[in-house]
Structure formats: structure tokens, C-alpha cells
Amino acid sequence: MEDSVEYSIEVKNLTKQYGRITAIQDISFSLKKGEIVGFLGPNGAGKSTTMKILTGLITANSGSAYICGIPVATHPEEIKRKIGYMPENNPLPTDMRVGEYLKFRGKLKEMKGRNLRKRIEYVLELCDLARARKRVIGGLSKGYRQRIGIAEAILSEPEVIIMDEPTIGLDPHQILKIRDLISSLKGRMSVIISSHILPEIELTCDRVIIINRGYVVASGTPSELRQEFLPECAYHLEISGSSEGLDTEIKSVSPKLSIRSNESFPGTATNRVTLNGPSNREIGEQLITHFSGLPNFKLRSMHSQEATLEDIFLAATKRSWEIQANDPDRLTATPFRKDKPQPVSEEAE
Amino acid sequence: MKHFFTLLKHELRRILLSPTTYLASFFFLLVMGLIYQLILEDYNRAPQEMLPSNIFLNMFFIPVVFLVPLLTMRSIAEERRMGLMDSLLTTPINSIELVAGKFVAAYLLYVGLYLLTLAYPAITYYYFPDERVLDKASLIGGYSFICGSGLLFISIGILASALSRSQLVAGIFSFSMLFGLIVGTNALANQADLFLNDYDAVKVIIDYSHVLEHVKDFSRGVIDTRPIIFYLSGTMLMLSLAVLAVDHKR
């Protein structure tokens, strides 16, 4: 039955209210098998609420959620056999040893004997915990604890892994390891990760879902989102020569280019110019060809920079705030259109 | 109940490895030993109407109102405060298994501690080999009362712990409920004796739940089934409420 199910996670029009506060409103998304999806949103956007609903910890007011085609609300026990969940802040019993804890959790997840021992060895090795196996969790650093949480989530080889901020509080080395670890799950397990560390999400995830104030405000691969929210690209140029007339020269390359900033260094006649323009390779070529033919300007260096996920995140959430401010009664989250591309400069600041 | 034994083993391991268990046991046995010694001193001064083990068991409620909250207040409240409850409930266990595991572990510790107090009459018997020190009827009756009533007392503590996130609130709540159940019913029974006739429904209910009367009967060696039904049904009620509380307060 499970093979015929296309989606590992399917969420349809999910709404959850805490008293008068609406945590999530009409959220819909889905995850294909083996897909890794980043779940982004500012604090209080409803990420943890959505994840808790997916694990069956809390129930939604309306809408439906399915894990491997099984409805969460009516079959909570069944879906718990299919998920590995790492909660926010990753609570762990401080009085247990790492190995004991994993054994206990494995037994609760209905693993037995040799299989359990083998899996414990495997996850200890994978998460670089083998040396800490006999140490008491209470005495371990944050990095160790996060890795224990991840080891526990993947212990029973669940079909779906839900991680609420798995990389929070880790140092760059550990983040790198966790990133490789999560990437290694690609294709085998479906993973949904909420995080604030956006470069991590961009590198590991196939797709990104951005929610804000309970609505899905953007969903797609990072490049799709870039096209939708910030199709412009920034060009950083270092040009020697007087800054006079520079503007006209740039406009003559392409009228779509505009100067975002121009820093001149007195005495050296060097300008550091940042341009906004459409994201295509030809513009770069045109700029180089144009400036190489000019006697009074010399192009010393140039590089282009596409919008980062951080810029997209800021643009998507900002746009949803603007729309909400204009229409406070808006209740449904319709996909946003490319009607109003926003300049990179405003978002990056 | 697939996961019950895993959870029970985990709880027992936790109890046995925790230094606080040994500290609590030490002070419990110290206080109980002191009470037993005071009883023996009374015998030294003047002849008494009741057997020493009889009087000793009648005093059981003094440690109960302190011991039970201390044993149980941590169980669910602490897990919830630390967020461990959420991560436990995302595994294929259900709240019945969870509550049952916590309850049985705390109950076994409770019964274990009381069974250790059997050492007092045993030590006394070693030095004063008198039949009356180790009166079988009173000891069997009394300790079966401890085991039976312990079910209800511990389940009250577990319910209190399930209702609150704070150990302190859980402790005070279970202390108040136990105090009400043991001392309150005694006060009510005394009042009922004065104002109500024996067949009045209110008096029947008060007598039915009069814990101090039950212990008197049992420690005399009279094993009555009515209190047993009372403790068992009360335990089921408290544990069901605790399961509902765990399910509801996520």
C-alpha cells in the first residue's frame, strides 16, 4: 500500500488556533518520498505547531495531515511507527548514558535484539558519538546533545524525519557534519527541517517552504523562489577613473542596470560600484567588453552575486506582511505573483 | 501494553540509580525507626492495650502524607517541564502505558520501603523473643493494608503530577488530597458519629472511605473486602484521570 503512495507528507488546509490566536491558517504542502525540505519562517510563524501536528502531538482545528498516506488525526499510533522526530530545543534525559538512551528509545520504537544493536552502532558512528557512548548526557556539550537528538530521530530508519531546528547552537564544524549527515539521507528518507541557518537549508534541501504568521508565503526550489521574489542580481565592479560619467556608461550597456551604491576612494580614483540588474550571464560579458573599450575607465574586477536564501526569506516574509497590512481580513494564502519584483538593495539592508 | 515493561524497567532503573532515592529511604527508615522506638519506650513504662506492631501500623499515615508526594511529584511533572513528554509521546507508546509504568515503579518503591520497616519487629524479636512482637495476624493484615491503600495513595500522587508542570504544585496538591483522604475523612467520621444515624447515606459514604478505620481493622488481622474494593476502584479512577490529563495537556 505504501509504495502506491506518492507523498510521504501531505498537509491540506491545516488550521490551528490557540484560543483567539491563530497559529497556522490554511497551510497546504506535500513532500515526495526521499525529498529533503526546509521549513522556514520567522519566530512565531507556526513552524513548530505544524511539526507537532504532523507528529500527532497536537491536533489541528481543521484540515488534514497524512504521513505515508495515513491520516495523522485518526491513526496517531500507526504514524508514530513511521516518523522520527527531533523536537525544538531537543530535550534529553540528563541522567542517562548515550548508549542507554538510544537503547531505551530503540525499544520504545519496537526494535529488537541484534537489529537494535546494529542500528545503535551505525547511528553512533554516523553521528560521531561512538566515543561518547558511555558518557552521561547531562555532562555533554550542546553539539553532542544535538547529535544525540539526530541519532535518535534516524535510529529506527523511519520513512519520515521531522527535525525542529537541528543545527541550532552548533559550531561550523559540527554544522558541516550535520549537513553531510542530512544530505546522506536524501533519497532514503523524507526529511523536513525547520531552521534559521539559511545557508544550511539552501545547501541540503531540495525544496524550501517559507511560512509567515501562519500562512505559506513561498514554496519551491531556491532557484524558483529566486525567480519569483528576487529575479535581480547584484554586480560588484571595481573601476578606476573619475566617477563622472560612470552612470551614463553603465546605462549604455543595458538600460535595465541601475547603480545601487558607488564608493569612491579619494586620491586613488577607484570606484567600487554595485549594480542591480537582471540575472543573466550576458550582462557580465557586455560590461567587460564595454569597459575594456573605454580610455578613461579601467575595469579592475567584477563579480556577480545572486540573491541568497536569506534575501528571499526576507523578501517573502516582508511581502506577506505588506499584503496582510493592506488587507487584515485576508485569511487564505494564495501563491504570490511576480507582479512586483523588489530591488535587492531594500531586502538586503 | 507492549511497551509497559520497557517503560517500567526504565523507571525502576532511574529510581535505583538516583541518589535521592537512597537519601529519601534513609530518612524514611530513620523516622519510622524513631516512631517504633518511641512505641517500645511506652511499653517499657506501662502495659499497653495494643500490640507494638498494631500501634506502629496505625501511625502509618504520618510518613504517607510526606512520602507519597515526594515519591510521585517528579514522575510526570518533571518530564513535562523538561519537554521529555513530547518526545516520549512521538514513539509508538500510548498514555496508558506511560502512566502505568510510572505508577507501578513508584508503587514498588513505596511497598519496598514499607517492607523494610519489617526489620524493626524482626530486630526487636531477636533481642526479646516474645511471640507478641511478631504477631502474624497483625503483621499480615497491616502490611496487606499498606499494599492495598498504597495503590490509591500512589495513584493520587501520579494524578497530581500529571495535572501540573511544576513539581512543587504537584507535591502540594497530592499532599492536600492525601491529607483530606486520611485526616479529613477521620474528622468527618467523628462529626458524622455525633449527628447522623448509622443508616444515613452520607455516614455510609464517610465510613466507607474512612482510611484510619480500615487500618485499625486490618492491623487487628481483619481483612475486609470492602476497603479493598474502595482502594482498587479509587486507584482505577485516579489513574484514568491521570491518563486523560496526560492526553489533554500536551
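**Domains of chain A**

I started with the domain assignment of chain A, which gives domain 1 (2-224) and domain 2 (231-306); such bounds come from an automatic or database assignment. I then looked up the spacing: the C-alpha centres of domain 1 and domain 2 of chain A lie 45 Å apart.

**Ground rules**

This is a predicted model, where local features need pLDDT of at least 70, side-chain atom pairs count only at pLDDT 80 or more, and totals for chains, interfaces and linings use all residues. Residues are numbered from 1 along each chain as its sequence is written, while chains are lettered from A and ligands numbered from 1 in the order in which they are written.

**Confidence**

I noted ipTM 0.85 and pTM 0.82 for the model. Chain B has a mean pLDDT of 89, with 100% of its residues at 70 or more (pLDDT is the predictor's confidence in each residue, from 0 to 100). Within chain B, helix 7 (residues 95-116) has the highest confidence, at 94, and helix 3 (residues 52-58) the lowest, at a mean of 83. Helices (H or I, at least four residues) and strands (E, at least two) are DSSP runs, numbered from the N terminus.

**The sheet in chain A**

Which order do the six strands take? I read 6-7-8-3-9-10, in an open sheet of chain A with mixed pairing (two strands pair if DSSP finds at least two bridges between them). Strand 6 (83-86) and strand 10 (215-220) of chain A each have a single partner strand, so one side of each is left without a neighbour in the sheet. The twist averages 15° from one strand to the next.

I also checked strand 3 (residues 36-40) and strand 8 (residues 190-194) of chain A: they run parallel, joined by four bridges. In this pair, A:Gly38 stands opposite A:Ile193.

**Helices on the sheet**

Helix 5 (residues 142-154) of chain A lies across strand 6 and strand 7 (160-164), at about 165° to strand 6 of chain A. Helix 8 (residues 222-229) of chain A touches strand 9 (207-212) and strand 10, making about 115° with strand 10 of chain A. Axes are lines fitted to C-alpha atoms, for helices over the stretch in contact, and angles run from 0 to 180 degrees between N-to-C directions.

**Where A meets B**

I found 19 residues from chain A and 16 residues from chain B in the contact (C-beta atoms, placed from the backbone, within 7 Å). On the chain A side, helix 2 (76-80), strand 6 and helix 3 (98-108) give two or more residues. Helix 3 of chain A has the largest share, four residues.

Methods: Two residues are in contact if their C-beta atoms, placed from the backbone, lie within 7 Å.
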